[in-house]
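Welcome! Please take a moment to look at the structure below, and then we can walk through it together.

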Amino acid sequence: MTRNGEITDVPEGYVRATHGGAFAASPGPFHAQRGEREIRLGLRVEAWHLNTAGVAHGGLVASLADLGLIHAVGVMRERAGQPRVPISAVTLSLDYVGPAPEGAWLEIRAKVTRMGGSLAFVEGVILAASTRVGRASAVFSVRGSSLRLPAQPAAVPGKKGGIA
């Protein structure tokens, strides 16, 4: 499965994904395939991905869902000629419906269902060895650099540090 840290049995048509920053490198490597309307992101389930039941940990599946859905938004924005901006999750919903065993190719097949000026709606199915193991949907903020965190709350009289 791996040779010199590289996955050697990636399905045909997939390329190494380079998005997601340092976090995505930790459980990965992930590989992507860009279809016309569907974006796929996947990885091979290895022994260190397993929980005590011997199947992929739910946190791995959730990370795959988050990264795959957000990747679909980025790809579709790029194809629409929109600038690259930070994209952040507003909501993420995930239903687990089956296990992903060691050695299985685990992937999400994501589709953007609606793209607005500030929000994107995405859904996907999660498969392990071509068997459905989950379903995910999300809403992402795509406001980009205009999205700012609120100012720190004002100091409360009589309290040190300014936050009650």
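| Residue | Relative accessible area | Class |
|---|---|---|
| Tyrosine 14 | 12% | buried |
| Tryptophan 105 | 9% | buried |

Keep in mind that this is a predicted model. Tyrosine 14 counts as buried because its relative accessible area of 12% is under the 20% cut-off. Tryptophan 105 is buried too, at 9%.

How do these residues meet? The structure holds one aromatic pair. Tyrosine 14 and tryptophan 105 form this pair in an edge-to-face arrangement, with 5.3 Å from centre to centre and 70 degrees between the planes. The partners come from distant parts of the chain, 91 residues apart. Tyrosine 14 sits in the loop between β2 (6–7) and β3 (15–16), while tryptophan 105 belongs to strand β7 (residues 105–115).

Strand β7 leads us on to the sheet. Seven strands make up an open sheet with antiparallel pairing, in the order β3-β4-β5-β7-β8-β9-β6. At its edges are β3 and β6 (88–96), each of which pairs on one side only.

Now look at one pairing within this sheet. Strand β4 (residues 31–34) and strand β5 (residues 39–44) run antiparallel and are joined by four bridges. Which residue in β5 is the bridge partner of arginine 34? That partner is isoleucine 39.

Finally, find helix α2 (residues 58–79), which lies across β4, β5, β6, β7, β8 (119–128) and β9 (131–141). Helix α2 runs at about 45 degrees to β7, the strand that holds tryptophan 105.

Conventions. Residues are numbered from 1 along each chain as its sequence is written. This is a predicted model: local features need pLDDT of at least 70, side-chain atom pairs count only at pLDDT 80 or more; totals for chains, interfaces and linings use all residues. Side-chain values use heavy atoms; hydrogens and water are left out. Rings of Phe, Tyr and Trp (its six-membered ring) pair if their centres lie within 6.5 Å; planes under 30 degrees apart count as stacked, over 60 as edge-to-face and the rest as tilted. Helices (H or I, at least four residues) and strands (E, at least two) are DSSP runs, numbered from the N terminus. Buried means under 20% relative accessible area, exposed over 50%, partly exposed in between (1.4 Å probe, protein chains only). Two strands pair if DSSP finds at least two bridges between them. Contact means heavy atoms within 4.5 Å. Axes are lines fitted to C-alpha atoms, for helices over the stretch in contact, and angles run from 0 to 180 degrees between N-to-C directions.
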